[in-house]
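Before this entry goes further, I would like to set down some remarks on how its parts are arranged. The points below are meant to be read beside the structure.

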Amino acid sequence: MNDPEMLDALVLGGGFGGLHMLHELRKNGFKALALEAGSDVGGAWYWNRYPGARCDVESLVYSYSFSPEVDAEWKWSERYSAQPEIRAYLRFVSERLDLRKDIRFNSRLVKAVFDDAGDFWTFETENGDTYRARWFISSAGPISAPIWPDIPNRESYKGRLYHSALWPRDKEPDFTGLRVAVIGTGSSGTQLIPLVAEQAEHLSVMVRTPGLYMPARNRPLTTDDYERWETRRDDVRQRMRSFEIVGSGDIFMEEELIQIRNRPGADFTPEERREILDRRYAYGGATVPRAFTDVATNKEVNDQISDYIRDQVGRIVKDPKTAAILTPSEIAYGQKRVTVGTDYYETFNRDNVEAIDVKATPIEGFTEKGLMIGGKEYAFDAIICASGFDALTGALTVIDIRGKDGQAIKDVWADNSDTYLGLGVAGFPNLLMIGGPGSPSVLVNVIVANEFQVEWISRLLDHAREQGITRIEAEPAAQEKWAETVSEVIKGTVLEGSKSWYVGANVPGKAQGILAYAGGLANYIRECNDVADAGYPGFRLE
Ligand code: N01
């Protein structure tokens, strides 16, 4: 068999990061292709098509800023767009920028091997296609490797079994007249539960660690909204990069509240803070609790915010027993991602919906008919697992990626998920990552973080081309130092007590430790730009 043609770069993933990277590479004259496992673009928004799947970051800023054409021609219909609209947006972008001809769809990467002598990567897909490229740029998605709940005997269940992130693509499931169970009350569960409840005859929600939930207050975007947006767009985006405005939105928030967010809660009395929280709660969405700069470090402020959100459960859920099951008593704000939705708590006031406390009585196993809980079998026609993802590392460790000396990335990341700036990994030359572990990605507006990383990588590759550099590798010492920084920045913050996917706690056997850089986007951008300006110390360029 002939060797495949040598590409300058191969991009993994056809989601937000991958499409932008491909565009940037082509614009700069690199010969590049993207591989995408799905049959279309979309990434997370291709796979996650469960009922109610919707962005919890305001769409006006959950969209690209790099292309004036795209920005001018696309109009979002709602404050928080639903999955089909986000997917349609990415399809529009891929057509508008003529990217599709350089994307290989239905091409799941299963193997990537670095050639030490030639400084390039070879790639193999599930269907046997092979590629070669100097640079391997992964935009495989920080939250894209689904995991099933760690509950025995799943294969014995004979009913209809779904995972929120592996939702059927051919025919939309209909739950009318069925007894349904949902396992998981994270972002995915919170969004799908109200819609499944409307169809199902009976819905049992398995609640283990209830999280802090905020109403989205979603609504259609009006012409007035757009007019206002046009005047503020550049300012908002600029302030978002400097982390002055929180990544999820604040777009239409009163300027006074935005300014307060840049001050510590300690500046205010508890009564004043309460009034600010009321105003933010009325605004809605994930940014609400980030009312002050010290939410992660000042226990009094954090307690007040966490209590404020907790108190909403009892105000809405009528049955006290159900309210108690749903009350996030174990979680402080910031330890687990706030979930954002519509009518989530209200759904538990329906006659056909019950919450089952599977913390007190864990699910023992699947059975042929349903689930065994506390020695009692519950029969279900359908079970939906909204059980989450092997975040940040999982999308790469499922692929057989071999760096120098044949070492596998899954082995290298068995004890930690260390990277240099979240962009490179020692021992894996010419591999660069968008949304990788050790970058801010999931802790900020991921689109803004992606755009910065794409530009940074692009600048690096331009530099390499100009200088005749064919090999770029993170140095172990620089990686170790960055890993220390990533661990250091959470010291004294609520993240230290996190037991969520932020630290790998949801995957049995996974190395535990903060997976993303929590020092804020502005600091991250500064660090990375300083490295680029200084000629890339910490990377060995050959
Ligand atoms: O997954 P999760 P997700 N028995 O890991 C439960 C992004 N996202 O798909 O907490 C019982 O948050 C588990 O319980 P526990 C967003 O960043 C964004 O919902 O481990 N329960 C938990 O309740 C989000 O944070 C959007 O005790 C079991 C749930 O499953 C991230 O993706 C939409 C169990 C998993 O929650 C992940 O969200 C969707 C068991 N054995 C996702 N095993 C938007 O933009 C697991 N669970 C809106």
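1. The chain is divided into two parts, domain 1 (5–145 + 390–541) and domain 2 (146–388). Please keep in mind throughout that this is a predicted model. The C-alpha centres of domain 1 and domain 2 are 26 Å apart, and the contact between the two domains involves 52 residues of domain 1 and 55 residues of domain 2.

2. The ligand is surrounded by 24 residues, of which Arg-54, Ser-188, Arg-208, Thr-209 and Lys-336 are the closest. Sorted by class, the shell holds 10 nonpolar, 9 polar and 5 charged residues. Helix H5, which spans residues 187–199, gives the most to this shell, with 3 residues.

3. A backbone N or O atom of Ser-187 is placed 2.9 Å from an oxygen atom of the ligand; an N or O atom in the side chain of Trp-501 is 3.0 Å from an oxygen atom of the ligand; and a polar side-chain atom of Arg-337 is 3.1 Å from an oxygen atom of the ligand. The ligand on its own has 920 Å² of accessible area, and the protein covers 87% of that area.

4. Gln-335 is worth a separate look. This residue is found in the loop between H10 and strand E11 (339–341), and its relative accessibility of 13% falls under the 20% limit, so Gln-335 counts as buried. Once neighbours within four places in sequence are left aside, Gln-335 is in contact with Glu-330, Val-494, Gly-497, Ser-498, Lys-499, Ser-500 and Tyr-502.

5. Is Val-317 buried or exposed? At a relative accessibility of 3%, Val-317 counts as buried, and its place is in the loop between helix H9 (299–316) and helix H10 (320–326). Not counting residues up to four places away in sequence, Val-317 touches Thr-322, Ala-323, Leu-326, Tyr-345, Phe-348 and Asn-349. The C-alpha atom of Val-317 is separated by 44 Å from that of Ile-399, and these two residues are 82 residues apart along the chain.

6. Leu-421 sits in the loop between helix H13 (409–412) and strand E18 (431–433), and Leu-421 is buried, with a relative accessible area of 1%.

Key: Residues numbered from 1 in each chain as written. Predicted model: local features only at pLDDT ≥ 70, side-chain atom pairs only at ≥ 80, totals over all residues. Heavy atoms only, no water. Near = heavy atom within 4 Å. Polar contact = N/O pair within 3.5 Å; in protein donor to acceptor, adjacent residues only side chain to side chain. Areas by Shrake-Rupley, 256 points an atom, 1.4 Å probe, with all protein chains shown as cover. Helix = DSSP H or I, 4+ residues; strand = E, 2+ residues; numbered from the N terminus. Nonpolar A, V, L, I, M, F, W, Y, C, P; charged D, E, K, R; others polar. Buried < 20%, exposed > 50% of the residue type's maximum accessible area, 1.4 Å probe, protein only. Domains from an automatic or database assignment. Contact = heavy atoms within 4.5 Å.
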